Amino acid sequence: MPNLESMTENCGPACQLTTSRQKGRRTLGTTLIEILVVIVVFLVGILAVIQIFPKGFQLLLLNRNKIVAQALARDYVETLKARPDQLPEQIVSAYYDGSGNLIIDSSKDPNDLSTLVSTLNINGFGNDSNALPLGNWQFLTGSNVFRRVIGEGRRVPAPRAVGASAFGGLMVLQFGPIYYRSATITTPANMSVYGNDLQQIIGVPAPQIQRTDYQYFLANPGDGTISIVLPSGSAADSDRFYRVSFSAYVNSGGSIVKRDYSELTPVRVVGQASVDASGQYPYSAAVSLATLVPDPVQSVDLNTLRVQRFFLPIAKGTTFSPSDPYQYILMNENLGVLLFNPIGNSTTISREGHDREPLSARVNYDVYDWRILHDDFRIDAGVLPGVASAGAQTLTTQHKLPVGNLKVAGMAGVDGLGITPIPTLEISQNNGSTDTSIANGARTDNFVLVDLETGGVFCEVNTTNPTQQLITVNKSTGVVNIADLDNDASNGITGELLLPDGTLKVVQMDNRAVRALYMANLEYSVQVLKSAAQYSVSATAANLSPGQFYIGGTVSGVGQPWRIYFPRSDNGRKVTVGEVTYFRNPSVDTYVHDLLGQDFIIRTRPDPTLNLPSIDLTDVDSDAVGVSFQNGIGARGIKGASVAVRVLWNPSTFHLTGDSATNLNNLNLWGQNWRISTNETFLQKEDNNR
């Protein structure tokens with residue numbers, strides 16, 4: 001048989017072509033299975049890479065929101081530092097029960113962000129454990145649990161012209177908008193304005209004894225029939241009203257409990273027609289403290305007894321008295337704008353043994369909603385936008401809000417219900433309160449620009465020419481654009497201002513101090529936490545009131561003797577102890593030691609007898625074993641030493657259903673996703689007038 005290899009070599013050109021084609025098919029061809037395998041491997045790799053991106057985007061978004069929250073807290077702290085004289089005495093946890101009574105809850109820990117409601121319906125309204133209505137869950141959860149401001153204020157401001165005819169000392173509350181409720185037959189108004197503390201004097205002097213107008217007298221201090229005697233004024237002026245607050249031990253259902261009374265019905269003292277033997281108007285008849293409260297009083301904690309004279313509200317358009325400095329006009333009960341009698345700024349008071357001090361005005365009120373964010377700034381000078389043009393151009397200026405992504409009315413909120421404009425500012429009021437909805441123009445919902453010079457609100461649309469937009473807000477970026485009203489570049493940017501008295505006025509806006517109020521998605525809120533400006537000692541640890549402390553061991557076996565205890569509502573706050581005397585371990589020495597001006601942080605610590613936050617002397621002296629009362633001091637001069645600004649935000653959502661238990665469970669699960677950034681600074685109220 002011929003050699004095959006030789007046959008191949010000798011078969012000629014045709015044989016070589018056939019062989020070449022067969023080799024090409026074997027080297028260049030790819031089967032369908034091979035292609036599918038490659039595609040699968042490729043897709044697996046791509047999917048693995050793609051899965052990295054959502055987590056990465058989520059982390060980037062969380063970090064961005066965290067940076068925004070930290071910036072908000074830092075900026076708000078700087079704002080508070082700029083006005084230390086207007087700091088409140090404290091901010092406490094409070095709510096209103098089904099009967100409209102204000103309940104101050106000192107047992108609420110600020111770190112507990114859970115809701116106060118026990119049931120929750122499909123419309124977002126909740127009840128307490130007794131089925132009494134409390135209100136919308138948004139005002140009873142998270143930051144809004146601590147929104148009762150006590151004693152914000154300062155010296156009565158210098159007078160200025162406000163509006164067409166109003167003239168007086170203007171005060172814009174720094175945590176407004178506020179929740180205002182007028183007085184009823186059964187409950188007092190939830191906002192009160194009062195002056196400096198009166199000086200307490202034990203015993204009632206004879207009529208011919210000289211006294212000051214800023215003293216009150218204490219009768220029967222040793223039992224439950226304690227009475228106070230108050231100074232009166234001239235019958236030609238208004239009757240005087242006094243704010244009396246105290247804590248008392250009362251009989252409730254057969255048990256003796258301690259209760260705080262801070263918002264009692266004002267005590268009225270009628271003006272007198274003539275002076276007494278001292279040349280002053282006679283003081284009032286004795287007023288029993290027991291008659292001021294609904295519960296049977298067993299005893300009163302005199303360390304908590306405080307008396308101040310109320311400022312009296314007068315109607316808008318009314319002329320201030322030329323002789324009574326205790327008058328004010330509530331210019332806007334939603335924004336929190338007050339106008340004081342101009343003579344109040346020059347009024348001083350004197351108390352025995354003290355220097356004369358200026359008349360102060362302090363306000364108790366409720367923050368409407370910490371989720372309404374503040375941004376204080378000055379409006380920059382306007383610039384001509386675009387390129388040069390032969391025609392008229394309008395001046396414009398811009399400002400970037402700290403948080404973009406503003407809420408938009410009509411879209412779904414965090415609970416699935418529709419978002420509305422800010423009710424007290426942007427929606428027409430039909431309850432007789434100040435209506436600023438005309439300034440909204442229904443265009444930039446959840447944004448209001450307030451003039452800090454007058455307490456007015458800038459109009460977003462020209463009220464006489466609704467086609468001219470004056471203020472616009474980009475809801476995604478938070479950029480505020482302010483346009484010129486009169487199209488005249490020679491006088492800068494002008495705008496239309498709705499003044500507190502309801503009049504409209506064209507004003508120049510360049511370099512004007514304003515406050516932007518707005519609401520952002522993710523439930524951003526900026527909350528201020530403030531411990532008491534000054535603390536007083538309590539003889540028992542039961543039901544400690546805001547602004548009180550208890551020294552361990554005062555009641556035998558209750559508390560560690562080297563600790564000083566505070567209400568749960570003060571957990572995490574910083575205080576300065578003016579003076580505390582204490583013993584050290586006898587094996588070290590037997591002397592009584594003094595600790596002066598020491599800062600402490602109130603913390604929750606393991607404690608065998610008392611479940612309250614405390615400060616511990618062993619943090620400073622490890623050999624301290626107990627507070628000493630040998631010289632009668634124990635501890636005194638304890639003051640709140642700092643202010644904390646806490647920013648909360650929540651990236652998750654939940655939905656309300658027809659089942660209350662499901663709603664409450666969904667709300668609690670949603671609340672577990674709060675993110676928190678806190679900025680705390682050493683800051684004390686400059687003058688608490690005590």
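Residues are numbered from 1 along each chain as its sequence is written, and side-chain values use heavy atoms, with hydrogens and water left out. Because the model is predicted, local features need pLDDT of at least 70 and side-chain atom pairs count only at pLDDT 80 or more, while totals for chains, interfaces and linings use all residues.

The protein chain contains 6 helices and 44 strands. Both are DSSP runs numbered from the N terminus: helices are H or I with at least four residues, and strands are E with at least two. The radius of gyration, taken over C-alpha atoms, is 34 Å.

Of the 690 residues, 50% are buried, meaning under 20% relative accessible area with a 1.4 Å probe and protein chains only. The chain exposes about 31,500 Å², an area from the Shrake-Rupley method with a 1.4 Å probe. Carbon and sulfur atoms supply 54% of that area. Contacts are heavy atoms within 4.5 Å. Among contacts with a separation of 6 or more, 69% join residues 24 or more positions apart.

A pocket is an open set of points with protein on both sides within 12 Å along at least five of seven lines. A cavity is a set where a 1.4 Å probe fits but cannot get out. Lining residues have an atom within 4 Å of a point. Points are joined across faces, edges and corners, and a volume is the space filled by probe spheres set on them.

The largest pocket has a volume of about 1,000 Å³. It is lined by 37 residues, and Leu 102, Ile 103, Ile 104, Asp 260 and Tyr 261 are the closest to its centre. Strands S2 (102-104) and S15 (255-261) each give two or more residues to this lining. S15 gives the most, with 5 residues. By class, the lining has 16 nonpolar, 12 polar and 9 charged residues. Here Ala, Val, Leu, Ile, Met, Phe, Trp, Tyr, Cys and Pro count as nonpolar, Asp, Glu, Lys and Arg as charged, and the others, Gly among them, as polar.

The second largest pocket has a volume of about 580 Å³. Of its 24 lining residues, Phe 139, Tyr 179, Tyr 180, Tyr 368 and Thr 424 are the closest to the centre. Strand S5 (133-136), strand S9 (178-179) and helix H5 (423-426) each supply at least two lining residues. S5 gives the most, with 3.

The structure holds 8 cavities of 30 Å³ or more. Strand S14 supplies the largest share, 4 residues. The lining divides into 9 nonpolar, 12 polar and 5 charged residues.

The second largest cavity has a volume of about 90 Å³. Its lining includes Gln 90 and Pro 546. S1 gives the most to this lining, with 3 residues.

Definitions and conventions. 1 Å grid on protein atoms, 1.4 Å probe; cavity = no way out; pocket = protein on both sides within 12 Å on 5 of 7 lines; lining within 4 Å. Rg over C-alpha atoms; globule rule 2.2 N^0.38 Å.
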